[in-house]
Amino acid sequence: MDVKAKNVLEQRVYANADIFEGRMNAPLLKVEDLRAYFFMDEGIVRAVDGVSFDVQPGKVVGIVGESGCGKSVTMKAILRILEPSARIVSGKVFLRTRINSQNQQGDEELLDLTKLKPNSKRLRQIRGAEIALIPQEPMAAFSPVHTVGNQIIETIRLHQDVSKDKARQIAVEAFRAVGISMPEQRIDAYSWELSGGLRQRAIIAMALSCNPRLLIADEPTTAIDVTTQAQILNLLRNLQKERQTSIIFITHDLGVIAQMADEVVVMYLGMVMEKGEVNAIFKNPQHPYTQALLKSIPSIQSASRIKLPTIKGSIAHPFNRPKGCPFHPRCNRFMRGICDIDIPNFVNISETHVVGCFLHSKKTLLPTADK
Amino acid sequence: MEEVKANSVVQSPPLLLEVSKLKKYFPVYKGLMRKVINYVRAVDDVSFNVRHGETLGLVGESGCGKTTVSRCILRALPATDGEILFHADNGSTIDLIKLNRRQLQPLRPQMQMIFQDPYGSLNPRMTIFDIVGEPLYVHGMRKRAEREDKVADLLKLVGMRPEYMQRYPHAFSGGQRQRIGIARALALHPRLVVADEPVSALDVSVQAQVLNLLLELQEKLKLTYVFVAHDLSVVKHICDRVCVMYVGKIVEMASTADLFNYPLHPYTAALMKSVPIPDPLCRNEIQELPGEVASPVNPPKGCYFHPRCKFAVDVCRNSPPFLREIVPNHFVSCHLAEELQLEGI
């Protein structure tokens, strides 16, 4: 271990050995105080500003937030596929990764993804094989001029040393696993020949074809109908149970989060407001934003034609994010002189439940820190 | 039977809109000669009534024809066949389908539309004053000062500051833009407002504001809404009555409470069961509907829903069902409606 570490220390940064101890319980992905800003002519947009969370092996972490909260930028920063105008300013993204991606039981190393070059060989090995992405728009994700099968076979052959025929077999198996009927025929279809639900299944098959240990699903069901959504959610749930894949599930739909996630990260304007175990977040929310958000959604189970409790105002424009807690202008428990001055610390409500709000950390006006 | 009918007429408010046997087919062309080879039956024999002051919801998955129905009502699309009777404020009843452009013009103020996409529906080169004032100008309010007063009132009505009148749409957030769209729709005091997915493009925290605004305005201005949506939670929240559509046909129509508590069509029940509930403790298997929505070009024989229906029997595969009134004011188009015991919410 030490020898190997020395050899590659210049390109790879290993974390402290203590994270390696108790390997089975260590998180698969650890995001620490991640900041990704967009540098534009009009100014700087702090799209992700100090986000920290862990993804444990075999768990589903839901990132929930409204538009502009930075949930998709977080995903892009982890995969290092940010737009050219954006940069990771600080923070670390540790991934426990297999040194040899084809050997399931092989040695592991801890990589800081932010230290790798976005186009480096190592990172390209990780994308697709270790971390796979299910993008939001299944129509845009596939190229319309190649068959779906060829695109999946290309992915497989990039990461695994197999023949074309073998790769095709793997792809057909992947199609079968996601419940596509007649996989041998469908694999030669173009993406525009498939319906929305099938296309989303094909994307999932592609994402799972290299047995990634972490799956990032960015609004995977937003563009599809509710009956298809139910099918896709069930599919993801079953595949997750079967393969023990960790999933980062990004969505704005609280219903989907409640049904899918083990842990929830609530974001607002680039910051984590509250995070914790799913029951704690839904049953005992501590941040005024989470509380208001949960109350303001009409539920299929709630009464008709009542006045919904609302959150006043609208989401601030990213160029003029409010000082202090980003939620304070809309907060019903706003404290003048506290919330509009500083950013609150994270306070532990319980071992698995953390909230960033001055209601819980009065008088501790320190700059942001983790935990 | 006669007595029951007479009673219900006395109790309920007058009819505003009667849609009967509405059809909208889009031709499918092929070849150089653009020969019509088939039709997309987007709306196929749809009938419903809307009473004064109520909110009728049209709900269904994409491609079920709900938007096409709403566009046909406003004559944004010419209907292929059928009747749309509109009860105008002067007491006359007019079939909108038979009117030409000029005859339709004086009726336009009475029916207006709220659009889905608050980004696409406001011209970025026009100020808010121009956008909200345009319908006023078109319908005869030519004095600028007069229009300014009116636009200021309208903006106040939808909860916006009148000072914003000279700004352009890009200066506003999605929720504010949707308020501007609502102000424009209300500028001419319409009797009927057709809202096509008015909140589906909005953020969760803003969605509640707009839904509340729509409910408030309805009470204040005695509006009648035809509310098109795919989100059952939103439909349940805002509608008095709901039509569930599937592949161009209404499969079930009832009051919101009846529909959600005692659904009679297997599709309605399945639709409700597929909505993810925002409660981690109700996390049982999401009940899913197998297969996909049938194609409106080449729909299956018999009941369009039978390939996905777990209750389907021979009669469903062979003969199409018709919309029947099984319980008073609860219409369903299913052969087995009397026998099935379906679970509501």
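Trainee: How many helices and strands does chain B come to?

Mentor: The secondary structure of chain B comes to 11 helices and 12 strands, where helices (H or I, at least four residues) and strands (E, at least two) are DSSP runs numbered from the N terminus. Keep in mind that this is a predicted model, where local features need pLDDT of at least 70, side-chain atom pairs count only at pLDDT 80 or more, and totals for chains, interfaces and linings use all residues. Residues are numbered from 1 along each chain as its sequence is written, while chains are lettered from A and ligands numbered from 1 in the order in which they are written.

Trainee: Why is chain B called as compact as a globular protein of that length?

Mentor: Its radius of gyration is 21 Å, close to the 20 Å that the globule rule gives for 345 residues, so chain B is as compact as a globular protein of that length. The radius is taken over C-alpha atoms, and the rule is 2.2 Å times the number of residues to the power 0.38. The C-alpha trace of chain B spans about 70 × 55 × 55 Å along its principal axes.

Trainee: Switching to chain A, what is the strand order in the open sheet of four strands?

Mentor: The order is β2-β1-β4-β5, with antiparallel pairing; two strands pair if DSSP finds at least two bridges between them. β2 (43-55) and β5 (108-112) of chain A are the edge strands, each pairing on one side only.

Trainee: And how many bridges join β1 to β2 there?

Mentor: Nine bridges join strand β1 (residues 29-40) of chain A to β2(A). As an example, A:K30 has A:D54 in β2(A) as its bridge partner.

Trainee: Where is confidence lowest in chain A?

Mentor: In helix α2 (residues 17-20) of chain A, at a mean of 44, while strand β3 (residues 60-64) of chain A is highest at 96. That is pLDDT, the predictor's confidence in each residue, from 0 to 100. The mean for chain A is 86, and 89% of its residues reach 70 or more.
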